[in-house]
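This briefing is for a reader new to the structure shown below. Please look it over before reading the points that follow.

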Amino acid sequence: MENQFSQIAALIGDPVRAKILWALLDKRAYTATELAIYADTTPQNISMHLHKLVKADLLTVESQGRHKYYNYSRAEIAYAIEALGSLIPKTDGKQISDSGEKPVRFCRSCYDHLAGKVGVLVTEGMVKQQFISKQDNSFELSDEGEKWFGVLGISVDSLKKQKRVFARPCLDWSERKHHLAGSLGAALLSRMISEGWLRRMDGSRTITVTRKGEEAFLEHFKIDVKR
């Protein structure tokens with residue numbers, strides 16, 4: 001077990017491979033060329049790193065026409081990468097000077113679920129209303145919570161039949177608290193976007209809360225997300 005952990009840590013710890021894994025948090029699959037540009041390295045070098053990540057079962061590769069697309073092999077990889085981000089040192093209370101960082105910290109996607117300050121507030125809102133409760137490394141859904149998700153148009157029974165974790169806490173790298181992940185978290189984010197509460201920003205993990213969303217979050221989650 002220790003040897004296996006050391007091998008995984010060494011894989012993730014390489015700067016180029018770390019950038020590859022971080023880039024994939026937006027849930028989009030990327031070509032080797034796109035990842036080489038993001039990681040600021042050569043096509044030859046990126047191929048070597050991608051080969052190692054695929055061999056270790058951290059990534060999968062899918063061919064489509066003349067291109068090959070890379071993505072996480074499973075959602076748990078994304079959760080682990082997001083959690084590692086929480087190790088980034090805090091800024092001793094100082095404001096982040098990079099203006100482009102603030103929207104990402106406020107509201108973003110973490111692979112297929114909601115993260116950032118809004119994601120944490122949404123999760124805390126559901127816990128406070130006793131729709132979900134944290135039990136060890138999972139979230140338990142109450143009977144009232146199942147009815148509540150049903151009102152939102154989310155079929156809990158269908159989600160539980162999926163071959164993935166149903167509801168689990170994911171450590172938010174910017175808030176240092178947990179937000180909701182798993183199939184339930186993914187379904188909730190998808191519903192929020194389809195309802196027009198949230199809007200994705202092109203080329204970024206940043207998500208914008210719409211005016212309609214502000215009202216919906218106050219009504220359903222009892223939280224104020226106005227900035």
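This is a predicted model: local features need pLDDT of at least 70, side-chain atom pairs count only at pLDDT 80 or more; totals for chains, interfaces and linings use all residues.

Residues are numbered from 1 along each chain as its sequence is written, and side-chain values use heavy atoms, with hydrogens and water left out.

**Salt bridges**
- The structure holds nine salt bridges (a side-chain nitrogen of Lys or Arg within 4 Å of a carboxyl oxygen of Asp or Glu).
- One of them pairs Arg-205 with Glu-82, with the closest N and O atoms 3.8 Å apart.
- This pair links distant parts of the chain, 123 residues apart: Arg-205 is in the loop between β9 and β10, and Glu-82 is in helix α5.
- Both Arg-205 and Glu-82 are buried (under 20% relative accessible area, where exposed is over 50% and partly exposed is in between, with a 1.4 Å probe and protein chains only).
- Another salt bridge joins Arg-211 to Glu-214 at 3.7 Å; both residues lie in helix α11, three residues apart.
- Arg-211 is exposed at 63%, whereas Glu-214 is buried at 18%.

**Hairpin**
- Strands β1 (residues 59-64) and β2 (residues 67-72) run antiparallel and are joined by six bridges; strands pair if DSSP finds at least two bridges between them.
- Helices (H or I, at least four residues) and strands (E, at least two) are DSSP runs, numbered from the N terminus.
- Val-61 has Tyr-70 in β2 as its bridge partner.
- Gly-65 takes a positive phi near 65° in this hairpin, which has two residues between the strands.
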